[in-house]
Amino acid sequence: MADIQKFIDEIKGMTVLELNQLVKALEEEFGVSAAAPVAVAAAPTAAAPVEEVEEKTEFNIVLKSFGEKKIDVIKVVRAFTGLGLVEAKKAVEGLGVLKENVAKEEAEKIVSDLKAAGADAVME
């Protein structure tokens with residue numbers, strides 16, 4: 001039991017960066033994924049001040065797949081990008097980022113429209 005307590009004391013003295021590296025090393029060593037790696041750093045100590053995380057205000061619209069209704073997805077892409085038919089088709093078939101630095105509200109609407117058309121899209 002003394003070894004376990006020593007290990008816990010060692011972890012308490014680690015910085016957030018060191019804890020992150022420890023989690024990654026354990027994931028690689030044992031072939032697992034930490035369900036909530038933030039939980040390890042959730043209890044800040046006096047030695048490690050907590051930094052405010054700035055909320056993201058601009059997002060990129062990323063198309064993961066266009067699903068079975070490619071034509072509907074192309075129509076939605078044309079509507080929010082202003083691209084011509086050929087360019088919108090190429091953008092949809094190429095997948096990836098469709099539009100960059102979009103305000104949060106607009107990005108949510110675009111992703112919603114793309115999903116309604118059958119696409120798999122996300123805001124990043």
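Which residues in α3 meet which residues in α4? Point 2 takes this up, after a word on the model.

1. This is a predicted model, in which local features need pLDDT of at least 70 and side-chain atom pairs count only at pLDDT 80 or more, while totals for chains, interfaces and linings use all residues. Residues are numbered from 1 along each chain as its sequence is written, and side-chain values use heavy atoms, with hydrogens and water left out.

2. From α3, Lys70, Val73, Ile74, Val77 and Arg78 meet Leu85, Ala88, Lys89, Val92 and Glu93 of α4 (contact means heavy atoms within 4.5 Å). By class, this contact has six nonpolar, no polar and four charged residues. Here Ala, Val, Leu, Ile, Met, Phe, Trp, Tyr, Cys and Pro count as nonpolar, Asp, Glu, Lys and Arg as charged, and the others, Gly among them, as polar.

3. Helix α3 covers residues 70-81 and helix α4 residues 85-94; they pack at an angle of about 115 degrees, with axes 9 Å apart. The two are therefore roughly perpendicular to each other (65 to 115 degrees).

4. Helix α2 (residues 16-30) has 15 residues and spans 21 Å from first to last C-alpha, close to the 21 Å expected at 1.5 Å a residue (1.5 Å times one less than the number of residues). Glycine 31 follows α2, with a positive phi near 65 degrees.

5. The whole structure holds five salt bridges (a side-chain nitrogen of Lys or Arg within 4 Å of a carboxyl oxygen of Asp or Glu). Glutamate 124 lies in the segment after β3 (120-123) and lysine 64 in strand β1 (residues 58-65), so the pair ties together parts 60 residues apart in sequence.

Note on methods:
Helix = DSSP H or I, 4+ residues; strand = E, 2+ residues; numbered from the N terminus. Axes fitted to C-alpha atoms, helices over the stretch in contact; angles between N-to-C directions. Parallel < 35°, antiparallel > 145°, perpendicular 65-115°, else oblique.
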